[in-house]
Amino acid sequence: MSKKIVIVGGVAGGSTAAARLRRLDETAEIVMFDKGEYISYANCGLPYYIGGTIEDRKKLLVQTPEGMTARYNFDIRTLSEVTRIDRAKKSIFVHDLKSGRTYEETYDQLILSPGARPIVPPIPGLNEAKALFTLRNIPDTDRIKSYVDEEKPSQAVVIGGGFIGVEMAENLSDLGMNVTLIEMANQIMPPLDYEMAAIVHKHLRDKGINLILNDGVKAFEGKGTKVLTQNEKEIDTDLIILSIGVRPENELAVHAGLSVGTRGGIQVDEYLQTSDPSIYAIGDAIEVKCYINKQPTMIPLAWPANRQGRLVADNIYGKKSPYKGTLGTSIAKVFDYAVATTGNNEKTLKSLGIAYEVVHVHPGSHAGYYPNAFPIALKLIFDKKTGKIFGAQAVGKDGVDKRIDVIATAIKGCLTVLDLPDLELAYAPPYSSAKDPVNMAGYVASNIVEDTIETVQWHEIDAIVENGGTLIDVRTPSEFKNGFIKGAINLPVDELRSKLHELPQDEAIYVHCQVGLRGYIATRILRENGFEAVNLDGGYRTYEQVRGGTN
């Protein structure tokens, strides 16, 4: 007897599950419901269609209901909202939005893939704002695109500095609008740590974005033509994009008595099964396990949804394919920069009380003698005792994606920072250096693990100097003149050996250069001559990106 499998929601998770189910069983009855009109579309491309980079709307549609039905023999019912689950009868109730009727549909197995929806807080004046939009799906995109094309707004406010908010700020700016981006936290793009986000802050401002941090929205006035912030700023606008995050579409699960987590995600086991053995859940609606720290979390990304879609089909057919957790590898385009992360950041590790070490490197995207090499700010976070890689972040104009992908693969392969120097990566001058940036980060981290080289971080050095610590800047005098850390003594590394007698021997000496390499060499010289030496991780460049230097 063939199975009847009902899927609630399409896009990445539901559509992938349906296609895999059909490949596993030609006889199964597969019914897919979606309350929208579109079941498979490239939601990550929506900001770029609004901004005009993607010109043809049809390219956003990965598959149509007609195309999927023809290829996979599905029963696809769009504009059909599933309103209730009766677990005892193994049935769902469906409201047909076209006809208005409600009917019941049975299932053998049920897959919930409803996704997440934008958070819309009760801000005064929100309901009266006439040009306020959220962005989640094709209809949202059509509304924004139509407004932009017809009304030609000159000023826009984007509320929320996550990946979608930043992408929308860029695309609206590309259309010629004056864009203000408001973020309540002290930084945008939460997967980044502050010093890495600071690079992006400067780039946004350099591109003309009015970036407001540490401030939230207090109210909308004038039917959405004025935004008032908590810090009493007033911003005139013709368009508002609300992008402050998403929450899981969990109402079906909650009303059916399925278990949900503290943040509302539907709880599943490693086989994506809910607290009801006949019901599975996937995608942005579920609570996942963090691959690094094994704690429950919410990570709404496309790769996990696609992977879960395949695995849930395998598990329904008894293959026992576990989902091992979400690593959170992601990347975003921010004007000229690529911004990428994988694994845990410092904020997460601190909150969990996990001890870690950090290194920052700033190598070129490819060989410096080949034209158009740009620096990559690469941060590696790891366990000082074992070398286990906890996470990485990178910002740069070129080559960021492949470096983060290599580190993400290393994490999944259980490699440590000690293995990174041994990775034999593709090299030719237009693409890399003989020692790839990933190798370089591995060398620096290995120095800490194997040789117990001590480092100090950008946020610690000011207090050390203020408390009487000795800081030596081993760059050239011309570099020092162009900007320095207050209180630093300029002593170029090539002159260091001849000046050792001038240095205090009864205290730690802190050393820095531009990006860390000369500082490391100086640290070695000092240690070999009996001094206690500590290198400023990432050098002046990391410090200056956050603190700014003294001229």
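Me: Where is V268 placed in this predicted model?

Reply: In this predicted model, V268 sits in the loop between β20 (266-267) and β21.

Me: Why is V268 called partly exposed?

Reply: The relative accessible area of V268 is 22%. Buried means under 20% and exposed means over 50%. The value of 22% lies in between, so V268 counts as partly exposed.

Me: What does V268 touch, not counting residues up to four places away in sequence?

Reply: V268 touches Q273, T274, A281, I286 and E287. Also, V268 and I282 are 14 residues apart in sequence, with their C-alpha atoms 8.5 Å apart in space.

Me: How do you know that the span of helix α8 agrees with what it should be?

Reply: Helix α8 has 15 residues, 302-316, and at 1.5 Å a residue it should span 21 Å. The expected span uses one less than the number of residues. The end C-alpha atoms of α8 are 22 Å apart, which agrees.

Me: Which residues of α8 are buried, and what do they pack against?

Reply: The buried residues are P304, A305, Q308, G309, L311, V312, A313, D314, N315 and I316. The buried residues of α8 pack against β1 (4-8), α1 (11-24), β9 (109-112), β21 (279-281) and β22 (286-289).

Me: What follows α8?

Reply: G318 follows α8, and its phi is positive, near 80°.

Me: Why are α1 and α8 called roughly parallel?

Reply: Their axes come within 7 Å and cross at roughly 30°. Angles under 35 degrees count as roughly parallel, so α1 and α8 are roughly parallel to each other. The contact includes A12, G13 and T16 of α1, and A302, A305 and N306 of α8 among others. Its residues divide into nine nonpolar, four polar and four charged. The crossing of α1 past α8 is right-handed.

Me: What makes α6 and α15 roughly perpendicular?

Reply: The axes of helix α6 (residues 194-206) and helix α15 (residues 539-547) cross at roughly 70° and come within 8 Å. The range for roughly perpendicular is 65 to 115 degrees. The angle falls in that range, and α6 and α15 are therefore roughly perpendicular to each other.

Me: Which residues meet where α6 and α15 are in contact?

Reply: Y194, E195, A198 and I199 in α6 meet T542, Q545 and V546 in α15. The residues of this contact divide into four nonpolar, two polar and one charged. The crossing of α6 past α15 is left-handed.

Terms used: Residues numbered from 1 in each chain as written. Predicted model: local features only at pLDDT ≥ 70, side-chain atom pairs only at ≥ 80, totals over all residues. Heavy atoms only, no water. Helix = DSSP H or I, 4+ residues; strand = E, 2+ residues; numbered from the N terminus. Buried < 20%, exposed > 50% of the residue type's maximum accessible area, 1.4 Å probe, protein only. Contact = heavy atoms within 4.5 Å. Axes fitted to C-alpha atoms, helices over the stretch in contact; angles between N-to-C directions. Parallel < 35°, antiparallel > 145°, perpendicular 65-115°, else oblique. Left-handed = near helix turned anticlockwise from the far one by under 90°. Nonpolar A, V, L, I, M, F, W, Y, C, P; charged D, E, K, R; others polar.
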